Structures are given as C-alpha cells and as structure tokens.
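Hi,

Here is the structure I promised to pass on.

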Amino acid sequence: SLDEVVAAKIGYFALLMLVPILAFHAAAAYLGYAVDLFAPGAVLVFLLTFVYLSAISASVMILTGFGTLGRFVNVAILFAALTFSSLVYPVGFFSPVRREIARAVPLHYSMIVARSVTLKDVDVGLFLDWIGWLVAVTLATGLLLKLSIERYKRRT
C-alpha cells in the first residue's frame with residue numbers, strides 16, 4: 001500500500017542519514033575538531049528533523065498529485081524554512097517580528113539543539129521541552145501525511 005511505501009522510504013532514508021553523520025564525525029575527529037556529532041541528543045534531533053521535513057514534503061507531493069506544482073511548493077517551503085528559521089544568524093540579530101517568526105518555525109529549535117549539543121557539549125536535558133515539541137511536530141506531520149495518503153486513495 002501507499003502507506004507502507006512512504007513509511008518504508010522515510011524510514012530507510014532516515015537510517016541512511018546516519019552515513020553523513022558518521023562521515024562528518026570521522027572528518028571532525030581526523031581534523032581534531034571538538035565536535036560530537038554522535039551525541040544522542042544530536043542524532044535524535046537530526047532524525048526528528050529529517051522525518052518531519054520528509055513528512056511535510058511527501059504530504060505536499062501527494063496532495064498535489066505528484067506533479068510539478070508539488071515540486072514548486074516544496075522548493076518554496078524549503079526557501080521559507082531556511083529564510084525564516086534563523087539558521088545562520090542568531091534570532092536577536094533580526095527585528096522583533098522576524099524573531100517571532102523564527103520562533104514559530106520548528107527548524108529553528110532543531111538547529112539550536114543540534115548546535116548546542118554538538119558544538120558546546122551542553123547537556124541535552126536542558127532542551128527536553130523543545131525536543132518534546134519537536135516530537136509533537138513530527139507526530140503532527142505524520143498525521144498530515146496519513147491524511148494526505150487517505151485523501152489520495154479516495155481520489156484514485
């Protein structure tokens with residue numbers, strides 16, 4: 001069924017995300033950088049981020065019938081997420097409105113936790129509320145994906 005195919009693809013590629021994490025960790029170790037990409041909190045956040053972004057992308061493609069519009073919408077979502085989540089600059093660098101927008105984007109919290117755990121050796125326990133929120137976002141996008149699949153099944 002379409003449910004199983006989509007779940008298998010997201011699961012497979014989520015596990016495949018461990019390959020670049022391992023490669024970056026090996027490169028950082030070889031170069032002597034103090035980066036811990038295998039910190040459990042970091043790996044959890046990387047995987048959660050991948051799954052919720054994949055669920056959003058797959059939902060868009062399914063809702064648009066796997067057409068060109070879906071690809072365009074996904075690119076627009078990607079650019080909006082990258083632009084408004086304050087990945088590069090700290091959130092205080094921007095205006096108060098932009099700060100509030102960044103704080104509404106889950107990717108913002110994903111990257112704060114990932115950067116803190118990998119670069120600063122901060123205890124992941126400080127971010128349990130944010131990780132809980134990211135889990136909730138992941139479950140919500142999973143539900144959106146399930147509803148998209150059901151709508152697609154009824155239309156075909």
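**What I found**

The protein chain has 7 helices and 0 strands (helices are DSSP runs of H or I with at least four residues, strands are E runs with at least two, numbered from the N terminus). Along the sequence, that reads as α-α-α-α-α-α-α.

Before you dig in: this is a predicted model, where local features need pLDDT of at least 70, side-chain atom pairs count only at pLDDT 80 or more, and totals for chains, interfaces and linings use all residues. Residues are numbered from 1 along each chain as its sequence is written, and side-chain values use heavy atoms, with hydrogens and water left out.

On confidence, the mean pLDDT (the predictor's confidence in each residue, from 0 to 100) of the protein chain is 92, and 100% of its residues reach 70 or more. Helix H5 (residues 96-103) has the lowest confidence, with a mean of 89, while helix H7 (residues 128-155) has the highest, at 96.

As for overall dimensions, the C-alpha atoms fill a box of roughly 55 × 40 × 30 Å along the principal axes. Of the 156 residues, 33% count as buried (under 20% relative accessible area; exposed is over 50%, partly exposed in between, with a 1.4 Å probe and protein chains only). Take contacts (heavy atoms within 4.5 Å) between residues at least 6 apart in sequence: 62% of them join residues at least 24 apart.

Now the helix pair I'd look at. Helix H1 (residues 2-16) packs with H7 at an angle of about 145°, their axes 10 Å apart (axes are lines fitted to C-alpha atoms over the stretch in contact, and angles run from 0 to 180 degrees between N-to-C directions). H1 contributes Leu2, Asp3, Val6 and Ile10 to the contact, and H7 contributes Leu145, Lys146, Ile149, Glu150, Tyr152 and Lys153. By class, that makes 6 nonpolar, no polar and 4 charged residues (nonpolar: Ala, Val, Leu, Ile, Met, Phe, Trp, Tyr, Cys and Pro; charged: Asp, Glu, Lys and Arg; polar: the others, Gly among them).

Ser148 sits in H7 and counts as buried because its relative accessibility is 2%. Leaving aside residues up to four places away in sequence, Ser148 touches Ser59, Ile62 and Leu63. Lys9, in H1, is exposed, with a relative accessible area of 52%.

Cheers
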